[in-house]
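Let's go through this one question by question, starting with the strands and then moving on to the rings.

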Amino acid sequence: MSGQLWRKNLINITPYVAGEQPKSDDIIKLNANENAYPPSPRVREILDSYKPEDMRRYPSADAGPLREALAKRAGLSVENVFVSNGSDDVLATAFRAFFNSDKPIVYPDITYSFYPVWCELLKIPSRTVPVGEDFHIDAKSLYGEGNGGVVFANPNAPTSLAESREFVRDVLEHNRDCIVIVDQTYVDFADKGIDCLDMINEYDNLLITHTFSKSRSMAGMRIGEAYGNAELIKYMLAVKDSYNSYPVNRLSIETGVASVQDEEYFQDTLKKIINTRQSTAEALKGLGFEVLDSSTNFLFAAHPKFGAKDIFEYLRDKGIYIRYFNKPRIDNYLRITIGTDDEMSQMIAQIKAFMGA
Ligand SMILES: *Cc1c(COP(=O)(O)O)cnc(C)c1O
């Protein structure tokens, strides 16, 4: 019997469920917002000249060269940049470093579903606020003396909607006593006008997170970054050094630098995806879908006559993987990652077949 007692001390958590990663190459994978195009050719050059004997050595503990490249591109100093093993790790580090209040942290009810997972894991009290009927976030709902912290994604996922810089400023003006984290994972696909990187010089409680996984086509390398004032970054480095001194491996640092230094290729890839997003949204609207105005590399769409789950299952049978969320408010919506033009035509053709159109 005593053998059972240890069970009461086991961790009790509901983990985040990521999009399926099917084994076969013979599918069209539009379910994890990965990039449709490969990373910069300069990344290939790094791989071609890589010496395996370098692997014997630990990497730079603070991913120095990558922080420098990112700081240079952003016109900031290296003290303003933190880098870790994917932005999931960056966010988890930030939650640990900044959300230690007894007051709840606040985030929208429809947003990146990792936020509640970390709150549970790290025992951070939290509170959600509903997004509007139109799925936009209400800035006022995030106001608060009573907030232990605020986190939201802009553009948001899975809604694909962006809020303005004025919105972000409004939230910051009404949260001077806690850290506000803005997850800018998808900002490169949005109108340049919503980037808030420069605001870190104005608000010492603002942390912006970003990742190489979506716009830089490097999800497999696990690189994410955060920007904030030097004091915030110092605390994040201290948390990192308290559980893993070398979260970013050598190859990720080197290929990451190569990616950051190829601005032209980066912009070209973004343009292609934005064009395909436009044509796919139009095609879906032509089939009667309601498609939200996307500022990301995915579309959030619903059909008034056909159930999202039915479409999702039909497409999966045909080898086309998109995302369906069995969650209140969004269970009739599909989240579709923007692939290549060819992948999008195949998907539209299958949706047409499903609808008998
Ligand atoms: C994909 C995603 C992330 C995590 O990205 P990684 O760097 O791959 O860990 C974080 N936030 C949002 C909103 C995302 O969609």
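Q: How many bridges join strand 12 to strand 13?
A: Quick housekeeping: this is a predicted model, where local features need pLDDT of at least 70, side-chain atom pairs count only at pLDDT 80 or more, and totals for chains, interfaces and linings use all residues. Residues are numbered from 1 along each chain as its sequence is written, and side-chain values use heavy atoms, with hydrogens and water left out. Strands (DSSP runs of E, at least two residues) and helices (H or I, at least four) are numbered from the N terminus, and two strands pair if DSSP finds at least two bridges between them. Strand 12 runs antiparallel to strand 13 (residues 333-337), and the number of bridges joining them is two.

Q: In what order do the four strands of the open sheet come?
A: The pairing in this sheet is antiparallel. Strand 9 (290-291) and strand 12 (323-324) are the edges, each pairing on one side only. Reading across, the order is 9-10-13-12.

Q: Which helix packs on the sheet?
A: Look for something touching strand 9, strand 10 (298-302) and strand 13, where contact means heavy atoms within 4.5 Å. Its direction makes about 10 degrees with that of strand 10; axes are lines fitted to C-alpha atoms, for helices over the stretch in contact, and angles run from 0 to 180 degrees between N-to-C directions. That's helix 9 (residues 263-286).

Q: Are the rings of Tyr58 and Tyr246 stacked or edge-to-face?
A: Rings of Phe, Tyr and Trp (its six-membered ring) pair if their centres lie within 6.5 Å; planes under 30 degrees apart count as stacked, over 60 as edge-to-face and the rest as tilted. Here the centres are 4.3 Å apart and the planes at 15 degrees, so the pair is stacked.

Q: How far apart in sequence are the parts that Tyr58 and Tyr246 tie together?
A: Tyr58 lies in the loop between helix 2 (41-48) and helix 3 (64-74). Tyr246 is in the loop between helix 7 (230-241) and helix 8 (250-260), so the separation of those parts is 188 residues.

Q: Which ring does the charged end of Lys272 sit over?
A: The test is that NZ of Lys or CZ of Arg is within 6 Å of the ring centre and within 35 degrees of the ring normal. The charged end of Lys272 is 4.1 Å from the centre of its ring, which belongs to Tyr37.

Q: Which ring does the charged end of Arg96 sit over?
A: The distance to the ring centre is 5.1 Å for Arg96. The ring in question is that of Tyr243.
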